[in-house]
Amino acid sequence: MKIASVETMVTRLPILTGDWHDTIHHVTHIELVFVEVTSDSGITGTGVSHTSGDGGVTIESLIQNSIIPFVVGKDVSPRAVWHETWHFLHDLGGAGFTTTALGALDIALWDLLSKELGKPLVDVLGRVRSTIPVYASGINLGLSEDELMAQVTRWRDAGYPAMKVKVGKPDPAEDVERLTKIREVIGPLALMVDANQGWGPAEAVRRINMLRGLDLT
């Protein structure tokens, strides 16, 4: 089974609710890059990558002008195509958005292969367990304290056994206050934090030491 054709599409979606930011991003919209791969047997697979803001057209251009000419005619073999195309793109110069572009193709190929085999993707990849633990997560650094408490309460009431929230307020005492109140709301449930690469090593140590006693996972 060969890759016969690849089609792309980019769409932009506004962030409709809340203030979506962390320590290094302030996101007003995301861009989705869709890739549809069709095999010579007529089966199609769909993949998608996204950007936190602009860049979708750049990713699509790389797919159209470099990736598609390179992969059309190759076997629908996701692992082989990934490694060959990854090396091809890095020979052109560097990483970064090249992997985001390749990711959309990779997802589409796995989708296509699963359809060809008539199996769920988890079985094509190799199922090793019947369930996996989950946690709730949100881009919530910009939420007010009341909004944040309402969010984690919804997660708790929905039955999530764990949750992750953003940290990195300019005043670290505000992070401590918010997390202390979250801990009061969720009790012994697992609590994780994410600073999104906003701290250097020294700042990270200082901030983490301030969070001792909150039983973070």
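Where is the place of asparagine 196? The notes below take up this point after the overall layout.

1. Basis. This is a predicted model, in which local features need pLDDT of at least 70 and side-chain atom pairs count only at pLDDT 80 or more, while totals for chains, interfaces and linings use all residues. Residues are numbered from 1 along each chain as its sequence is written, and side-chain values use heavy atoms, with hydrogens and water left out.

2. Overall layout. The protein chain holds seven helices and eight strands; helices (H or I, at least four residues) and strands (E, at least two) are DSSP runs numbered from the N terminus. Its C-alpha trace spans about 60 × 40 × 35 Å along the principal axes. Of the 217 residues, 38% are buried, where buried means under 20% relative accessible area, exposed over 50%, and partly exposed in between (1.4 Å probe, protein chains only). Among contacts (heavy atoms within 4.5 Å) with a separation of 6 or more, 67% join residues 24 or more positions apart.

3. Asparagine 196 and glutamine 197. Asparagine 196 sits in the loop between S8 and helix H7 (201-210), and glutamine 197 is in the loop between S8 and H7. Phi is near 55 degrees for asparagine 196, a positive value in a residue other than glycine; for glutamine 197 phi is near 60 degrees, a positive value in a residue other than glycine. Most residues other than glycine have a negative phi. Asparagine 196 counts as buried because its relative accessibility is 11%, whereas glutamine 197, with a relative accessible area of 67%, is exposed.

4. Cores. A nonpolar core is a set of buried Ala, Val, Leu, Ile, Met, Phe, Trp, Tyr and Cys residues joined through side-chain atoms within 4.5 Å. The largest has 21 residues, and Ile3, Val35, Val37, Ile63 and Leu105 have the most contacts inside it. Strand S1 (3-14), strand S4 (29-39), helix H1 (56-71), helix H2 (78-93) and helix H3 (97-117) each give two or more residues to this core. H3 supplies the largest share, seven residues. Apart from this core lies another, of 18 residues, including Leu143, Met163, Val167 and Leu214.

5. Helix H2. The 16 residues of H2 should span 22 Å at 1.5 Å a residue, and its end C-alpha atoms are 22 Å apart, which agrees; the expected span is 1.5 Å times one less than the number of residues. Pro78, Val81, Thr85 and Leu89 are the buried residues of H2. They line one face of the helix, because they fall within an arc of 60 degrees seen down its axis, the arc being that of the directions from the helix axis to the C-beta atoms. These buried residues pack against S1, H1 and H3. Arg79, His83 and Asp91, on the other side of H2, are exposed. Just after H2, glycine 94 has a positive phi of about 80 degrees.

6. Sheet S6-S7-S8. Three strands form an open sheet in the order S6-S7-S8, with parallel pairing; two strands pair if DSSP finds at least two bridges between them. Strand S6 (136-137) and strand S8 (190-194) are the edge strands, each pairing on one side only. Serine 137 has lysine 164 in S7 as its bridge partner. Helix H5 (residues 145-158) packs on the sheet, touching S6 and S7, and its direction makes about 160 degrees with that of S7. Helix H6 (residues 172-186) lies across S7 and S8 and runs at about 155 degrees to S8. Axes are lines fitted to C-alpha atoms, for helices over the stretch in contact, and angles run from 0 to 180 degrees between N-to-C directions.
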